[in-house]
Amino acid sequence: MNAPMTRKSIWAVLAGFLLLMALSISADFLLRALFPETFGHSGANLTWLASMVTILYGAASCVAGGYLTARLSVSRPVMHAAVLGGVMLLGGLVGLVGSRA
């Protein structure tokens with residue numbers, strides 16, 4: 001009924017994750033280079049506009065990573081994209097808990 005996870009499935013999720021991370025890190029570097037007073041310090045409070053920009057490029061990176069994951073999957077593309085979303089959710093929660101400690 002349910003096919004076991006294959007190497008292609010793992011590769012699809014990993015490729016989506018790598019694209020997502022590359023886009024997000026690139027956007028971070030670009031915004032810090034163009035607007036150092038707004039995005040410069042990692043511990044500084046962001047203005048509401050900077051927060052919205054951060055959320056938007058993060059969401060766009062997630063959409064691009066999910067799209068790549070779905071396109072590379074052999075079968076059940078939505079399930080593969082959902083697995084990537086779950087991995088990102090867990091990573092975000094770990095980062096949130098780690099930043100509060």
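Biologist: Where is the place of Arg 76?

Modeller: Arg 76 sits in the loop between H3 and H4. The labels follow DSSP runs numbered from the N terminus: helices are runs of H or I of at least four residues, and strands are runs of E of at least two. The model is a predicted one, in which local features need pLDDT of at least 70 and side-chain atom pairs count only at pLDDT 80 or more, while totals for chains, interfaces and linings use all residues. Residues are numbered from 1 along each chain as its sequence is written, and side-chain values use heavy atoms, without hydrogens and water.

Biologist: Why is Arg 76 called partly exposed?

Modeller: Its relative accessibility is 41%. A residue is buried under 20% relative accessible area, exposed over 50% and partly exposed in between, with a 1.4 Å probe and protein chains only; Arg 76 therefore falls in the middle class.

Biologist: What makes Arg 71 count as exposed?

Modeller: Arg 71, a residue of helix H3, has 60% relative accessibility and so counts as exposed. Between Arg 71 and Leu 89 there are 18 residues in sequence and 21 Å in space, C-alpha to C-alpha.

Biologist: How do you know that Thr 69 is buried?

Modeller: Thr 69 is also placed in helix H3, but its relative accessibility is 0%, and it therefore counts as buried. Apart from neighbours within four places in sequence, Thr 69 is in contact (heavy atoms within 4.5 Å) with Ala 12, Val 13, Gly 16, His 80, Ala 81 and Leu 84.

Biologist: Which other residues of H3 are buried, and what covers them?

Modeller: Besides Thr 69, the buried residues of H3 are Ala 50, Tyr 57, Ser 61, Gly 65 and Gly 66. Their cover includes helix H1 (7-34), helix H2 (36-39) and helix H4 (77-100).

Biologist: How do you know that the reach of H3 is close to what is expected?

Modeller: The expected span is 1.5 Å times one less than the number of residues. H3 (residues 48-72) has 25 residues, for which 36 Å is expected, and it reaches 36 Å from its first C-alpha to its last. For H1, with 28 residues, the reach is 40 Å, close to the 40 Å expected.

Biologist: What makes H1 and H3 roughly antiparallel?

Modeller: Their axes come within 8 Å and cross at roughly 155°. Axes are lines fitted to C-alpha atoms, for helices over the stretch in contact, and angles run from 0 to 180 degrees between N-to-C directions. Angles under 35 degrees count as roughly parallel, over 145 as roughly antiparallel, 65 to 115 as roughly perpendicular and the rest as oblique; H1 and H3 are therefore roughly antiparallel. Among the residues making the contact are Leu 20 and Asp 28 of H1 and Tyr 57 and Leu 68 of H3. By class, this contact of H1 with H3 has 15 nonpolar, five polar and one charged residues. Nonpolar covers Ala, Val, Leu, Ile, Met, Phe, Trp, Tyr, Cys and Pro; charged covers Asp, Glu, Lys and Arg; the others, Gly among them, are polar.

Biologist: At what angle do the axes of H1 and H4 cross?

Modeller: They cross at roughly 50° and come within 10 Å. H1 is therefore oblique to H4. This crossing, too, is right-handed. Its contact includes Phe 17 and Met 21 of H1 and Val 83 and Met 88 of H4. The contact has eight nonpolar, three polar and no charged residues.

Technical notes: A crossing is left-handed if the near helix is turned anticlockwise from the far one by less than a right angle, and right-handed if clockwise.
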